[in-house]
Amino acid sequence: MQPLINTTPQPAQSELSSLVGNTPLLRVSEPLTPAGRGFWAKLEGFNPGGIKDRPGLFMVERARARGDLRPGGRIIESTSGTLGLGLALAGMVYGHPVTLVTDPGLEPSMIRLLGVYGAQVDIVTDPHPTGGWQQARRDRVTELLDTHPGSWCPDQYGNPDNTTAYTPLALELASQMGHVDVLVCSVGTGGHSAGVGRVLRQLYPDIRVVGVDTIGSTIFGQPARPRLMRGLGSSIYPRNVAYENFTEVHWVNPAEAVWTCRRLAASHYATGGWSVGAVALVAGWLARTMPAEARIAAVFPDGPQRYLGTVYDDEYCAEHGLLDADPPVEPDVVGRPDEKEVVRWTRCTDVVDPLTLDGSTAPEEAR
């Protein structure tokens with residue numbers, strides 16, 4: 001008797017990979033800006049798993065080419081969700097098992113989705129005393145790497161391939177827009193802001209690169225606090241953040257992001273999660289205050305689907321005090337990023353690596 005084999009047709013690698021990239025551009029105007037003004041939103045939610053499908057595939061491809069990741073080796077990485085989808089896709093394309101380390105803040109729907117995509121999900125139970133959930137996840141990754149011989153970690157926080165993966169996104173923007181005066185990006189690992197910003201600055205030397213972070217994030221020199229928003233911000237210092245490329249940084253709080261997400265949904269039928277709301281709030285302000293002819297590009301990392309139980313859930317938002325008021329029309333302004341702890345939308349034009357502030361250094365676990 002012949003052994004049973006799986007006769008279900010499997011898509012070719014090129015077919016799966018071709019689903020990523022060439023995402024659409026949408027003009028966003030009223031009610032976030034007056035009539036006649038607006039910005040262009042790059043809708044990365046049109047990738048199967050969102051913006052991090054790009055580095056998920058690219059980091060795995062390059063690791064295989066260098067021999068860092070052997071055929072059939074396990075991929076193990078820390079994620080707050082979106083990169084997990086990209087790595088699950090890469091594991092499917094290249095034939096690697098995937099283990100994703102996350103924390104209790106990951107939405108149950110995302111845990112289920114990652115599971116059906118074939119990834120194993122490992123959930124840490126306690127935050128690190130100084131590095132929070134992110135450092136706890138990274139410590140768990142180290143443990144799992146020791147447990148699985150031949151496994152490999154992409155290290156999205158410091159892997160230069162995480163930034164290079166976004167070169168096609170930058171070139172797509174340049175082709176679609178013709179010229180870019182301002183780039184607005186959320187900042188988490190620092191990958192897409194660094195990768196897209198570097199390429200566009202080569203093409204347009206006078207471009208302004210605006211980073212968008214969440215309150216309670218250490219990336220730009222604020223103290224680490226528990227954070228409600230996922231997908232942007234950090235409780236450690238990712239080394240992929242290209243501080244020298246940023247013209248300014250804005251911090252946004254969860255209520256302000258929720259308000260903007262919902263206005264986008266009601267007016268443009270295109271919206272997303274926490275990062276999208278924060279980026280759109282800042283991009284709308286730039287479009288209102290800059291000359292009308294300024295060409296502003298805003299990267300929307302994902303769509304709304306994974307946020308139906310948070311951003312778009314009235315009960316959840318009411319429980320967390322996110323429906324109480326409209327955001328301010330203008331951001332607060334601070335002269336330097338460590339001037340005070342910010343709790344609402346705030347802007348700073350003095351962007352520096354926080355490890356250089358007052359000559360201080362971060363603890364080893366935060367590097």
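**Exercise 1.** How many residues has helix H8, and how far does helix H8 reach from its first C-alpha to its last?

*Solution.* The coordinates belong to a predicted model. In this model, helix H8 covers residues 191-203, which is 13 residues. The reach from first to last C-alpha is 19 Å, close to the 18 Å expected at 1.5 Å a residue.

**Exercise 2.** Determine which residues of H8 are buried and which elements they pack against.

*Solution.* Begin with accessibility, where buried means under 20% relative accessible area. Next, consider the packing partners: the buried residues of H8 lie against helix H6 (160-164), helix H7 (167-177), E6 and E9.

**Exercise 3.** Describe the largest nonpolar core and the surroundings of Phe39.

*Solution.* The largest nonpolar core holds 41 residues, and Phe39, Val184, Trp274, Leu286, Ile296 and Phe300 have the most contacts inside it. Among the elements that each supply at least two residues of this core are strand E2 (39-43), strand E6 (182-186), helix H10 (274-289) and strand E9 (296-300). H10 gives the largest share, 11 residues. Beyond four places in sequence, the residues touched by Phe39 include Leu26, Val28, Ala283, Ile296 and Phe300. A second, separate core has 31 residues, including Ala174, Met177, Ile215 and Val249.

**Exercise 4.** Identify segments where pLDDT stays under 50.

*Solution.* The protein averages a pLDDT of 92, and 93% of the residues score at least 70. Residues 1-9 stay under 50, with 0 contacts beyond four places in sequence. Residues 359-367 also stay under 50, but have 17 such contacts. Where pLDDT is low, predicted coordinates should not be read in detail.

Note on methods
Residues are numbered from 1 along each chain as its sequence is written. This is a predicted model: local features need pLDDT of at least 70, side-chain atom pairs count only at pLDDT 80 or more; totals for chains, interfaces and linings use all residues. Side-chain values use heavy atoms; hydrogens and water are left out. pLDDT is the predictor's confidence in each residue, from 0 to 100. Contact means heavy atoms within 4.5 Å. A nonpolar core is a set of buried Ala, Val, Leu, Ile, Met, Phe, Trp, Tyr and Cys residues joined through side-chain atoms within 4.5 Å. Buried means under 20% relative accessible area, exposed over 50%, partly exposed in between (1.4 Å probe, protein chains only). Helices (H or I, at least four residues) and strands (E, at least two) are DSSP runs, numbered from the N terminus. The expected span of a helix is 1.5 Å times one less than its number of residues.
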